[in-house]
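Dear colleague,

Please find below the structure that I am handing over to you, together with its sequence. A summary of the findings comes after it.

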Amino acid sequence: EAVRRGGWPREEPVAAWAGFAGTALVLSLLGSWLWALAPPVWYDELNYQVAAPLAYVRAGGVVDRPEEFRFLWAHNANMLYTLGILLGGRDAAKLVHFALGVAAAVAAAALGRAVAGRGVGWAAALLFLALPMVSWELGVAYVDLAVTFFFAAALLAALSAAREESWQWALLGGVAGGLAVGTKLNAGLLVVS
């Protein structure tokens with residue numbers, strides 16, 4: 001009927017855009033979630049991202065494997081994978097990374113909202129999830145989305161600390177930044193800046 005009247009009322013394009021964006025988001029997440037349900041097949045997943053936590057679960061604790069240099073790279077996110085493997089088996093590590101990626105999207109939305117409003121927050125989350133690399137990584141057991149989540153949480157906490165002059169937020173930001181660096185060392189470049 002809006003077309004027959006000669007134009008769209010102001011609310012309808014926003015609702016149509018939000019419906020389209022929501023549908024695209026759900027479809028993107030559904031595809032990534034299905035990919036996360038499949039067994040690990042990528043080199044990094046099989047050789048250390050999942051292999052190290054799986055070895056820890058089988059040994060009943062964190063074990064030193066000096067002959068496997070890649071085990072030295074297993075840090076914070078991999079410990080979360082260990083918990084996932086304990087609760088749901090080997091393939092649960094991918095679901096843990098999927099959840100960390102969704103948390104990173106929520107953090108991106110919160111950052112956008114804190115800086116420029118709710119619409120920018122939604123756009124930030126949608127743009128983040130629309131990146132093909134992010135969509136792919138949601139379905140694998142790597143650690144990059146964990147770093148993204150920890151760093152975005154550090155930024156949110158730092159922003160809150162600056163606005164509220166709160167040492168508690170600053171401390172939380174430091175912990176989140178430390179978790180990012182403890183997950184992947186190159187996050188240090190982000191945290192230092």
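Predicted model: local features only at pLDDT ≥ 70, side-chain atom pairs only at ≥ 80, totals over all residues.

Helix α5 spans residues 92-116 and helix α8 spans residues 144-164; their axes approach within 8 Å and cross at roughly 30 degrees. Because angles under 35 degrees count as roughly parallel, α5 is roughly parallel to α8. The crossing of the two helices, α5 and α8, is left-handed. On the α5 side, the residues in contact include His97, Leu100, Ala107 and Leu111, and on the α8 side they include Asp144, Phe149, Ala152 and Arg163. Sorted by class, this contact comprises 15 nonpolar, 3 polar and 2 charged residues.

Alanine 152 is part of helix α8. Its relative accessible area is 9%, so alanine 152 is buried. Beyond its neighbours within four places in sequence, alanine 152 is in contact with Ala107 and Leu111. Between the C-alpha atoms of alanine 152 and alanine 103, which stand 49 residues apart along the chain, the separation is 9.6 Å.

The largest nonpolar core has 15 residues, of which Val50, Tyr81, Ile85, Ala93, Ala141 and Ala146 touch the most other members. Two or more residues of this core come from each of α4 (76-88), α5 and α8. Residues up to four places away in sequence aside, isoleucine 85 touches Val50, Pro53, Leu54, Val57, Arg90, Ala92 and Ala93. Another core, of 12 residues, lies apart from the largest one and includes Ala21, Ala36, Phe98 and Ala105.

With kind regards

Notes:
Residues numbered from 1 in each chain as written. Heavy atoms only, no water. Axes fitted to C-alpha atoms, helices over the stretch in contact; angles between N-to-C directions. Helix = DSSP H or I, 4+ residues; strand = E, 2+ residues; numbered from the N terminus. Parallel < 35°, antiparallel > 145°, perpendicular 65-115°, else oblique. Left-handed = near helix turned anticlockwise from the far one by under 90°. Contact = heavy atoms within 4.5 Å. Nonpolar A, V, L, I, M, F, W, Y, C, P; charged D, E, K, R; others polar. Buried < 20%, exposed > 50% of the residue type's maximum accessible area, 1.4 Å probe, protein only. Core = buried A, V, L, I, M, F, W, Y, C linked by side-chain atoms within 4.5 Å.
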